[in-house]
Amino acid sequence: MSALARPSHLLSPLDMRDLHLQNRVALAPMTRARSGAERLANAMMAEYYTQRASAGLLITEGTTISPQANGWVCSPGIYTEEQAEAWRPVVDAVHARGSRIVLQLWHTGRASHSAFHGGELPVAPSAVKIEGEGVHTPEGKKPHETPRALETGELPGVAADYASAAARAKAAGFDGVEVHAANGYLLDEFLQSKTNRREDDYGGSVENRFRFLGEVVEGVEEAFPGRVGVRISPNGSFNDMGSPDFRETFTYVARRLDEMGLLYLHVVDGLAFGFHGLGDAMTLEEFRAVFSGPLIGCCGYDREAAEAAIARGAADVIAFGRPFLGNPDLVERFDNGWPLADAPDASLWFSGEQTVAGYTDVPMYDAVGAGV
Ligand SMILES: Cc1cc2nc3c(=O)[nH]c(=O)nc-3n(C[C@H](O)[C@H](O)[C@H](O)COP(=O)(O)O)c2cc1C
């Protein structure tokens, strides 16, 4: 019997708490930088997401919660009513195709640059700079800066920005929100000992380093009850991350999040986006052992690995990032055993221009042309 003739775990539906998904394929959050300087979602983005709506769940690109959160050229925001309204046609178009869509809430933390903030330094838990490549700013590529450590008294305001953004996402019709606590951005910086050197109640012990994420999730949950996911990246090195106590930290984080009744926990478990190598990589099974809700795995998966992860009970959903760049119809390709196309050239991933090239002009599989 061919692999395809076997029933697919990946393509079977799932009730993720009270959210019905048509299959267990998710679009991973991917910044595509097509929103213009006003950071407004637009018709081209509606088309891009709709093209991928055969996935059970679409997770949007990182969407900033406040002007302070900005750190990427032409990524979208949700800190004004106008920005929230601009998302509504995207959500409606995706719903019309039977998929679900959650908005990723983003604060770029130390990965930002003063060029985004009228000369003010970006903020972070502590004044610890990213070592490595620079950052793309409205004024071109610049070296990273040492961020300003947030005052304790500023933290409730940042948490409130997350909650307001979640309320706007709910009003715009999203099915939920994903709190971005991965990949070295603000919330990940609070969690990890490498970037959190604070001496107040938000730093030091793992309990203290979790405190800010816990408060953010509480506020977001109040704004959008029952529909809050969280993304973490325990193994990642992106944005110069990786802490020697990563296993202890992320096991604790997952345990605490489990008490909060999340819609899901999204773990970037794979190593294909950079691995810090500070010990054996954490596995989905380790998260299953401490987190009882729905679990999404991500990074470096192909169809076989995704089927296997779901079949052995390690994950409920697998999110695909780069495979979706060149294959808007990834689900149909999986379903029919059609070959996958390569991703478009990397220069088109985050263009910063409102261009369709490598974005909405990526073709679906031509089954007729291929003689299938
Ligand atoms: C173009 C691009 C943009 C990305 N933007 C985001 C983002 O906005 N938020 C996020 O959490 N991860 C982002 N990621 C990481 C992906 O969600 C995913 O974790 C990574 O691509 C690994 O999965 P893959 O091997 O299936 O591509 C991005 C990745 C790519 C390639």
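This is a predicted model: local features need pLDDT of at least 70, side-chain atom pairs count only at pLDDT 80 or more; totals for chains, interfaces and linings use all residues.
Colleague: How many of the nine residues of α1 are buried?

Modeller: Buried means under 20% relative accessible area. M44, M45, A46, Y48, Y49, T50 and Q51 are buried in α1. The helix is mostly covered, and the count is seven.

Colleague: Which residue has a side-chain oxygen within 3.1 Å of the backbone nitrogen of M44?

Modeller: Look at the start of α1. M44 is one of the buried residues there. The side-chain oxygen that reaches its backbone nitrogen belongs to N42.

Colleague: Why does D316 count as buried?

Modeller: D316 is in the loop between α8 (303-311) and β14 (317-320). The cut-off for buried is under 20% relative accessible area. D316 counts as buried because its relative accessibility is 16%.

Colleague: Which side chain does the side chain of D316 join in a polar contact of 3.0 Å?

Modeller: Start with the contacts of D316, leaving aside neighbours within four places in sequence. They include L14, R24, R288 and L295. With L295, a polar atom of the D316 side chain lies 2.8 Å from the backbone nitrogen. The side-chain partner at 3.0 Å is R288.

Colleague: Why does R209 count as buried?

Modeller: R209 is found in helix α5, residues 206-223. Not counting residues up to four places away in sequence, R209 touches several residues, among them F190, Y202, D245 and T249. R209 counts as buried because its relative accessibility is 4%.

Colleague: Which residue has its backbone oxygen 2.8 Å from a polar atom of the R209 side chain?

Modeller: The residues that R209 touches include L191, Q192 and S193. One of them supplies the backbone oxygen at 2.8 Å: L191.

Colleague: Where does the ligand sit?

Modeller: The ligand is surrounded by 19 residues. The closest are P29, T31, R231, G300 and R322. The ligand's place is the largest pocket.

Colleague: How much of the ligand's accessible area does the protein cover?

Modeller: Ligand oxygen atoms lie 3.1 Å from an N or O atom in the side chain of H180 and 2.7 Å from an N or O atom in the side chain of R231. A polar backbone atom of R322 is 2.7 Å from a ligand oxygen. On its own the ligand has 610 Å² of accessible area, and the protein covers 96%.

Conventions
Residues are numbered from 1 along each chain as its sequence is written. Side-chain values use heavy atoms; hydrogens and water are left out. Buried means under 20% relative accessible area, exposed over 50%, partly exposed in between (1.4 Å probe, protein chains only). Helices (H or I, at least four residues) and strands (E, at least two) are DSSP runs, numbered from the N terminus. A polar contact is a pair of N or O atoms within 3.5 Å; within protein, one must be able to donate a hydrogen and the other to accept it, and residues adjacent in sequence count only if both atoms are side-chain atoms. Contact means heavy atoms within 4.5 Å. A residue is near a molecule or strand if one of its heavy atoms lies within 4 Å of it. Accessible areas come from the Shrake-Rupley method with a 1.4 Å probe; for residues, only the protein chains shown count as cover. On a 1 Å grid over the protein atoms alone, a cavity is a set of points where a 1.4 Å probe fits but cannot get out, and a pocket is an open set with protein on both sides within 12 Å along at least five of seven lines; lining residues have an atom within 4 Å of a point. A molecule sits in a cavity or pocket if more than half of its atoms lie within 2 Å of its grid points.
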